[in-house]
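Please look through the sequence and the model below before reading on. The paragraphs that follow go from helix packing to charged pairs, and then to single residues.

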Amino acid sequence: QESALLIGHGKIGGLKAVAVGYNFSFGGAAFSQRENEHFLASAQFALENKVDVFVSIYQSGGKNVQGNLHSLKSMSTVQMAHTMLKQKNIVNIGILESKITGGTFVDAFGNQFLFAIKNSTDNLFSGKRVSASVRSSDSAQMPEDFGTSSFLERSGMCDGVIESRLDMKEKIVTLTKVLLKKAEQVKNKSNVKVDKSIQTAS
């Protein structure tokens, strides 16, 4: 393995898909220039092959600070890739596992839909102590479940909670098929032909 990203393509429930997984065992899945290039290659493959859905399963310690600006600039390029996928009607779905912090947590919001695995924790930009120190200026107490899946759902930061990993496939397939059918209906909306001679009859 040459980067923290594990990427595959194939079919999920009959839908053409590209899936990006973050391997936390590989340096905490820190996102460097290497991971950025790997991610962009997966997005390019999805665009060229006109897949139906692009899935990202997140678990990362954030951007690799040793990569300097090369790591930080990936925040803009990842967002750009998500935008390009959306423009081609490729459904973007992000799945939040536990331990997602820093710039990678920001990257996740580039998806059209974001779901958290039930009971996942440490889904936040900065640690609880750092976040608490920022809030100390207004004497507000940090919620007990700060950074958990329930907190994200309650705060409107994700679209829902998935009960277990076993439910991911059904969620991805159902949502994508509904969205693609809706897009197809809009595309075919003007297929009906009207006989104008009937309209002009007195």
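Axes here are lines fitted to C-alpha atoms, for helices over the stretch in contact, and angles run from 0 to 180 degrees between N-to-C directions. Helices (H or I, at least four residues) and strands (E, at least two) are DSSP runs, numbered from the N terminus. This is a predicted model, in which local features need pLDDT of at least 70 and side-chain atom pairs count only at pLDDT 80 or more, while totals for chains, interfaces and linings use all residues. Residues are numbered from 1 along each chain as its sequence is written, and side-chain values use heavy atoms, with hydrogens and water left out.

With those conventions in place, helix H1 (residues 33–48) packs against H3 at an angle of about 10°, and the two axes lie 10 Å apart. Because angles under 35 degrees count as roughly parallel, over 145 as roughly antiparallel, 65 to 115 as roughly perpendicular and the rest as oblique, H1 is roughly parallel to H3. Contact means heavy atoms within 4.5 Å, and on the H1 side it is made by Asn36, Phe39, Leu40, Ala43, Ala46 and Leu47, which meet Ser74, Thr77, Val78, Ala81, His82, Met84 and Leu85 of H3.

Helix H3 itself (residues 74–87) has 14 residues and reaches 20 Å from its first C-alpha to its last, close to the 20 Å expected at 1.5 Å a residue; the expected span is 1.5 Å times one less than the number of residues. Which residues of H3 are buried? They are Ser74, Thr77, Val78, Ala81, His82 and Leu85, and they cover an arc of only 140° around the axis, which puts them on the same side of H3. The arc is that of the directions from the helix axis to the C-beta atoms, and buried means under 20% relative accessible area, with exposed over 50% and partly exposed in between (1.4 Å probe, protein chains only).

Charged pairs come next. Side chains of opposite charge can pair when their charged atoms come close. A salt bridge is a side-chain nitrogen of Lys or Arg within 4 Å of a carboxyl oxygen of Asp or Glu, and the structure holds 5 of them. One of the salt bridges joins the side chains of glutamate 35 and arginine 34, at 3.5 Å from N to O. Glutamate 35 counts as buried at 1% relative accessibility, whereas arginine 34 is partly exposed, with a relative accessible area of 44%.

Another salt bridge is formed by aspartate 107 and lysine 63, whose closest N and O atoms are 2.5 Å apart. This pair links distant parts of the chain, 44 residues apart, with aspartate 107 in helix H4 (residues 102–107) and lysine 63 in the loop between strand E3 (53–60) and helix H2 (69–72). Both aspartate 107 and lysine 63 are buried.

Arginine 165 and glutamate 97 also meet through their side chains in a salt bridge, at 3.0 Å from N to O. Arginine 165 lies in the loop between strand E6 (160–162) and helix H7 (168–187) and glutamate 97 in strand E4 (residues 91–100), so the pair ties together parts that are 68 residues apart in sequence. Here arginine 165 counts as exposed at 54% relative accessibility, while glutamate 97 is buried, with a relative accessible area of 9%.

Most residues other than glycine have a negative phi, and most peptide bonds are trans.

Leucine 175 is found in helix H7 and counts as buried at 17% relative accessibility. Leucine 175 and valine 91 are 84 residues apart in sequence, and their C-alpha atoms are 9.0 Å apart in space. Leaving out residues up to four places away in sequence, leucine 175 touches Ile93, Phe113 and Phe115. Phenylalanine 105, placed in helix H4, counts as buried at 6% relative accessibility. Its C-alpha is 6.5 Å from that of leucine 124, which is 19 residues away in sequence. With residues up to four places away in sequence again not counted, phenylalanine 105 touches Ile100, Asn123, Leu124, Phe125, Leu152 and Met157.
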